[in-house]
Structures are given as C-alpha cells and as structure tokens.
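Visitor: Please show me the sequence and the model first. After that I will ask my questions one at a time.

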Amino acid sequence: MARQLWLLRHADAEPHGVREDSERRLTERGERQARSAGIAIARMGGEFEAVLFSPKVRARETAELAAEEWGRAASERLSVYEPLAGGLDGAQALDAMAAVSPDGRLLMVGHEPDLSRVAGELTGARADVKKGGLAVLRLEGAGGELVLLMRPRELALISGVPLGGE
C-alpha cells in the first residue's frame with residue numbers, strides 16, 4: 001500500500017460580502033453537502049490518522065460535520081493547519097503527510113484553487129475540486145496518482161443524502 005492524501009473542499013458557503021471572508025459560514029445546503037461527504041467517505045472506508053482543516057469557518061464546519069459521521073475518535077483527530085487558509089502547495093501538503101504512517105491516510109479540508117493545484121503538483125493530473133467535492137491521491141516515493149475525483153452529487157449518491165437543488 002501507499003500513503004493517501006484525501007482533499008475535501010469546503011461545502012457551499014455564504015456569498016462573499018455577507019461577512020468577513022474568514023468568518024463565512026456554510027449554508028443549509030453546505031451543511032447537507034458536508035454530512036453527505038462524511039457518510040460517503042465512511043462508506044468508502046476512509047479512516048484517517050489526522051484531519052487537517054483551514055482556520056476559515058466554512059472549512060472547520062465542513063470538517064466537523066463530516067467527522068460527525070465517523071464517530072468520536074475521528075473528531076479528536078481534527079486540527080487546524082494554517083497553510084490551508086490559502087496558498088497551500090504540494091510541498092506543504094507533503095510536509096503534513098510526514099506525520100502519517102507509510103500506509104496511512106490524511107484528510108485536508110480547504111479551498112480552491114489550492115486543493116486542485118496540490119492534486120496537480122503531486123500527481124500531474126488536472127483536477128477541479130468542486131465545493132463539497134473530494135479528491136483522493138495515492139502517494140508513493142516521489143510520485144503520486146489521482147485515484148478519485150468526485151463532485152458533491154456523486155458523494156450524495158453514495159451517502160443517500162439528497163442535497164436539494166440538483
């Protein structure tokens with residue numbers, strides 16, 4: 001096996017201008033997306049050694065709501081990772097991966113364009129991680145591959161949670 005980096009983009013949030021960007025919260029739809037992602041990740045066997053999230057409210061809420069679906073122990077693995085606030089690159093993602101065992105998994109909850117850029121830098125793939133969407137990277141040695149790229153509606157199909165408006 002190899003290490004895996006799971007990248008979850010924060011779910012649907014309040015529009016820009018409603019409040020300070022770092023304080024923008026999830027919408028009701030975003031809360032459903034986050035819970036749906038959590039259920040889908042659990043059904044796909046996602047178990048993480050750590051879950052890192054951006055200090056921005058919408059990313060924290062996404063991580064917390066998703067983790068509710070994984071049990072109490074998973075919630076205790078959540079922590080803020082400042083580089084996820086903006087400007088995250090592949091080197092910073094690999095630095096965070098250093099704390100994960102050789103066959104371990106790390107989930108990062110953050111923003112665009114950072115998550116898609118990290119997926120591209122680490123795998124050479126062109127990815128577009130949608131709000132509430134998920135990318136899974138398999139990392140081995142100096143290389144990696146994009147294993148999975150899912151939109152929120154695909155996660156909803158796995159979870160059985162209707163998102164509404166789609």
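**Rings, sheet and helices**

Visitor: Is W6 buried or exposed?
Guide: Buried means under 20% relative accessible area, exposed over 50%, and partly exposed lies in between (1.4 Å probe, protein chains only). W6 has a relative accessibility of 4%, so W6 counts as buried.

Visitor: What kind of model is this, and what is left out of the side-chain values?
Guide: This is a predicted model, in which local features need pLDDT of at least 70, side-chain atom pairs count only at pLDDT 80 or more, and totals for chains, interfaces and linings use all residues. Residues are numbered from 1 along each chain as its sequence is written, and side-chain values use heavy atoms, leaving out hydrogens and water.

Visitor: How are the rings of W6 and F48 arranged?
Guide: Rings of Phe, Tyr and Trp (its six-membered ring) pair if their centres lie within 6.5 Å; planes under 30 degrees apart count as stacked, over 60 as edge-to-face and the rest as tilted. Searching the whole structure gives two aromatic pairs. In the pair of W6 and F48, the ring centres are 5.2 Å apart and the planes stand at 85°, so the pair is edge-to-face.

Visitor: How many residues apart are W6 and F48?
Guide: Helices (H or I, at least four residues) and strands (E, at least two) are DSSP runs, numbered from the N terminus. W6 belongs to strand β1, while F48 is in the loop between α1 (28-43) and β2. The pair thus links distant parts of the chain, 42 residues apart.

Visitor: How are the rings of F48 and W70 arranged?
Guide: F48 has a relative accessible area of 6%, so F48 is buried. Its ring centre is 5.5 Å from that of W70 and the two planes are at 55°, so the pair is tilted.

Visitor: Which parts of the chain does the pair of F48 and W70 tie together?
Guide: W70 is also buried, with a relative accessible area of 17%, and ring pairs link W6, F48 and W70 into a cluster. F48 and W70 are 22 residues apart in sequence, so their pair ties together the loop between α1 and β2 and the loop between α2 (57-67) and α3 (72-75).

Visitor: In which sense do β2 and β4 pair?
Guide: Two strands pair if DSSP finds at least two bridges between them. Between strand β2 (residues 50-53) and strand β4 (residues 105-110) there are four bridges. The sense of the pairing is parallel.

Visitor: Which residue of β3 stands opposite L52?
Guide: β2 also pairs with strand β3 (residues 78-80), in the parallel sense and over three bridges. In β3, F53 has V80 as its bridge partner. The residue opposite L52 is S79.

Visitor: Which strands stand at the edges of the sheet?
Guide: The sheet is open, has six strands with mixed pairing, and runs in the order β3-β2-β4-β1-β5-β6. Two strands have a single partner strand each, so one side of each is left without a neighbour in the sheet; these edge strands are β3 and β6 (143-150).

Visitor: What covers the buried residues of α2?
Guide: Nine of the eleven residues of α2 are buried, so the rest of the structure largely encloses this helix. Among them are V57, R58, A59 and E61. The cover includes β1, α1, β2, α3, β3 and β4.

Visitor: How many residues of α5 are buried?
Guide: Helix α5 spans residues 114-123 and is mostly covered. Its buried residues include D114, L115 and V118. What covers them includes α4 (90-97) and β5.

Visitor: Which residues is S159 in contact with, leaving aside neighbours within four places in sequence?
Guide: S159 is found in helix α6 and has 5% relative accessibility, so S159 counts as buried. Contact means heavy atoms within 4.5 Å. By that rule, its contacts beyond those neighbours are S36, I39, A40 and R43.
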